[in-house]
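Work through the exercises below with the structure open beside you. Try each task before reading its solution.

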Amino acid sequence: MKKISLLTAAAVMSISLTGVARAADLPQAPTYKAAPIVAPMMYNWSGFYLGANGGYGWSNQCVDLTAINGIGGIFAEGCKSAGGGAIGGQIGYRWQAGQWVFGLEAQGDWTNIRNSRVSLQNPANTFKSTLNGLGLFTGQLGYAMNEALFYVKGGAAVGSQNFGIYNTALGTGIAYADRTRWGGVVGVGFEYGFTPNWTVGIEYDYLWRVNDSNTWLTPSLAPAITSITANTRTDANLLTLRVNYKFGGPVVAKY
């Protein structure tokens with residue numbers, strides 16, 4: 001009986017060892033490693049940029065005669081809106097903190113915004129003006145969604161404007177002056193980076209200016225009228241398409 005038990009135990013041990021040996025000969029199950037986590041790339045809006053713009057501008061100009069021959073009075077000549085083309089360039093610098101983008105920019109445009117109206121007080125005279133240049137000096141605050149940037153801007157504006165009084169029938173000049181006038185500007189824009197360094201966008205700006213009073217000598221109307229004093233105000237709107245080349249680095253990883 002003991003012999004049978006020993007034989008049985010030996011047989012069981014032999015079978016177990018054979019199974020272990022066969023298991024050791026089997027190929028090992030492949031080990032899979034998790035793929036590395038790739039940080040998403042975020043468009044880099046930081047850096048200097050230089051660009052060009054072009055579009056359309058329109059203005060609302062109001063004129064009030066406040067004195068004739070030095071004698072004060074209010075003679076309202078009303079307001080009139082007119083428009084014209086605009087083309088120019090801009091230079092600026094932006095720095096990015098997360099999705100917030102801050103910037104400073106200087107912009108200059110040649111414009112051809114002409115305005116003309118026949119005097120209500122004396123139809124023999126016509127008031128004409130041309131807004132022929134604009135400069136904007138602004139700060140920017142933007143929010144970036146990768147390649148897309150939405151921003152607002154605000155600051156100072158300067159305009160170069162000529163103003164004249166002409167004979168309505170003959171078109172001859174009676175009085176003429178050039179003025180450089182300062183005011184304010186606010187705007188909003190959208191810009192898209194279609195390469196790491198090139199961007200394209202659209203922008204709207206509203207420019208306003210405080211009233212400005214000027215006195216013109218009118219020898220051609222003497223002796224009846226020797227001088228005219230007028231109070232003028234011109235608000236302007238500017239809608240432009242923009243393209244910029246950015247000198248900043250490539251896209252950066254967003255962690």
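**Exercise 1. Salt bridges**

Which residues are linked in a network of salt bridges? Bear in mind that the model is predicted.

Solution. 

Step 1. Start with the total. The whole structure holds five salt bridges.

Step 2. Look at E203 and K153. Their closest N and O atoms are 2.8 Å apart, and the two form a salt bridge. E203 belongs to strand β8 and K153 to strand β6, so this pair ties together parts 50 residues apart in sequence. Both E203 and K153 are buried.

Step 3. Stay with E203. Its side chain also meets that of R242 in a salt bridge, at 3.3 Å from N to O. R242 lies in strand β10 and E203 in β8, so the pair ties together parts that are 39 residues apart in sequence. E203 and R242 are both buried.

Step 4. Complete the set. The network links E105, K153, E203 and R242.

**Exercise 2. A buried pair**

Find the partner of E191, then decide: is E191 buried or exposed?

Solution. 

Step 1. E191 forms a salt bridge with R94. The closest N and O atoms are 2.9 Å apart.

Step 2. E191 is in strand β7 and R94 is in strand β3, so the pair ties together parts 97 residues apart in sequence.

Step 3. Check accessibility. Buried means under 20% relative accessible area. E191 has 2%, so E191 is buried. R94 also counts as buried, because its relative accessibility is 2%.

**Exercise 3. The disulfide**

Which cysteines form a disulfide? Work out its handedness too.

Solution. 

Step 1. Count first. A search of the whole structure gives one disulfide.

Step 2. Name the pair. C62 and C79 form the disulfide, with sulfur atoms 1.9 Å apart.

Step 3. C62 sits in strand β2 and C79 in strand β3, so the bond ties together parts that are 17 residues apart in sequence.

Step 4. Read the torsion. About the S-S bond of C62 and C79 it is about 105°, so the disulfide is right-handed.

Step 5. Check each end. C62 has a relative accessible area of 6% and is buried. C79 has 46% and is partly exposed.

**Exercise 4. Positive phi**

Where is N69, and what is its phi?

Solution. 

Step 1. Recall the background. Most residues other than glycine have a negative phi.

Step 2. Take N69. Its phi is positive, near 55°. N69 lies in the loop between β2 (47-68) and β3 (71-97). N69 counts as partly exposed, because its relative accessibility is 32%.

Step 3. Take N146. Its phi is positive as well, at about 60°, though N146 is not a glycine. N146 is placed in the loop between β5 and β6. With a relative accessible area of 27%, N146 is partly exposed.

**Exercise 5. The cavity**

How many residues line the largest cavity, and which lie nearest its centre?

Solution. 

Step 1. Give the volume. The largest cavity has about 140 Å³.

Step 2. List the lining. It has 15 residues, and L134, G159, R181, R209 and T234 lie nearest the centre.

Step 3. Trace the lining to its elements. Those giving two or more residues are β5 (125-145), β6 (148-167), β7 (173-193), β8 (198-209) and β10 (227-246).

Step 4. Sort by class. The lining has eight nonpolar, five polar and two charged residues.

Key:
Residues numbered from 1 in each chain as written. Predicted model: local features only at pLDDT ≥ 70, side-chain atom pairs only at ≥ 80, totals over all residues. Heavy atoms only, no water. 1 Å grid on protein atoms, 1.4 Å probe; cavity = no way out; pocket = protein on both sides within 12 Å on 5 of 7 lines; lining within 4 Å. Points joined across faces, edges and corners; volume = space filled by probe spheres on them. Helix = DSSP H or I, 4+ residues; strand = E, 2+ residues; numbered from the N terminus. Nonpolar A, V, L, I, M, F, W, Y, C, P; charged D, E, K, R; others polar. Buried < 20%, exposed > 50% of the residue type's maximum accessible area, 1.4 Å probe, protein only. Salt bridge = Lys/Arg side-chain N within 4 Å of Asp/Glu carboxyl O. Disulfide = S-S within 2.5 Å.
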